[in-house]
Amino acid sequence: MVAAAAAADPACTLRIEVDRREPAWIRLRSVRPEAPGGCALDTDTLRRTLAEALAAAGPVVTVALGRLVGYPALACGLAAQAAADPGWDRRHGRARDGRSDNTWTAQALAASQPLAGLLPAGWTLQAVSVEKVLKGRPAQQLADCPVEGGGLPFDAQLWLRLRRR
């Protein structure tokens, strides 16, 4: 089943995909025909779309959001979090305590206010999972991201595990 939701960018279509055989999995996908990589979505559009996707979901669901750079506020927020965290080594682009990029990024996102603010009423974040973390200079990679410096995480594949309260 595929449903369409209007995005802030009229050239962008946001699709909610639910496989009837696996209803506990929801995939959000932004599509822009002339840009195969998708399009960036603002926080309000993502919040509304998540609420729509979760309205008919079961008590526990995994939401595949795709690449973090598709959600600029979250991507820039992650980079800012790393830049401010004394536990993140900007010079070497890794956590000082030896955690993997995936583990550090998942834990940082799980603790982030922007991610928590996306959840519709009645839902709690149970877990965050990421893979393929990209690091670099967010101010050069993300439009309107003021975070300067290198070695900062700004992109990853992202999944959220949510539970209905």
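## Two buried tryptophans

Trp88 and Trp104 are both buried, meaning under 20% relative accessible area with a 1.4 Å probe, protein chains only. This is a predicted model, where local features need pLDDT of at least 70, side-chain atom pairs count only at pLDDT 80 or more, and totals for chains, interfaces and linings use all residues. Residues are numbered from 1 along each chain as its sequence is written, and side-chain values use heavy atoms, leaving out hydrogens and water.

Search the whole structure and you get one aromatic pair. The ring centres of Trp88 and Trp104 sit 4.7 Å apart with planes at 50°, so the pair is tilted. (Rings of Phe, Tyr and Trp, using its six-membered ring, pair if their centres lie within 6.5 Å; planes under 30 degrees apart are stacked, over 60 edge-to-face, the rest tilted.)

Trp88 is in strand S5 (residues 88-89) and Trp104 in helix H3 (residues 101-110), so the pair ties together parts 16 residues apart in sequence. Helices (H or I, at least four residues) and strands (E, at least two) are DSSP runs, numbered from the N terminus.

The largest nonpolar core has 46 residues, and Ile26, Leu28, Leu54 and Val63 have the most contacts inside it. Such a core is a set of buried Ala, Val, Leu, Ile, Met, Phe, Trp, Tyr and Cys residues joined through side-chain atoms within 4.5 Å.

Leaving aside neighbours within four places in sequence, what is Val63 in contact with? Its partners include Ile26, Leu28, Leu50 and Trp159, where contact means heavy atoms within 4.5 Å.

Conventions. Buried means under 20% relative accessible area, exposed over 50%, partly exposed in between (1.4 Å probe, protein chains only).
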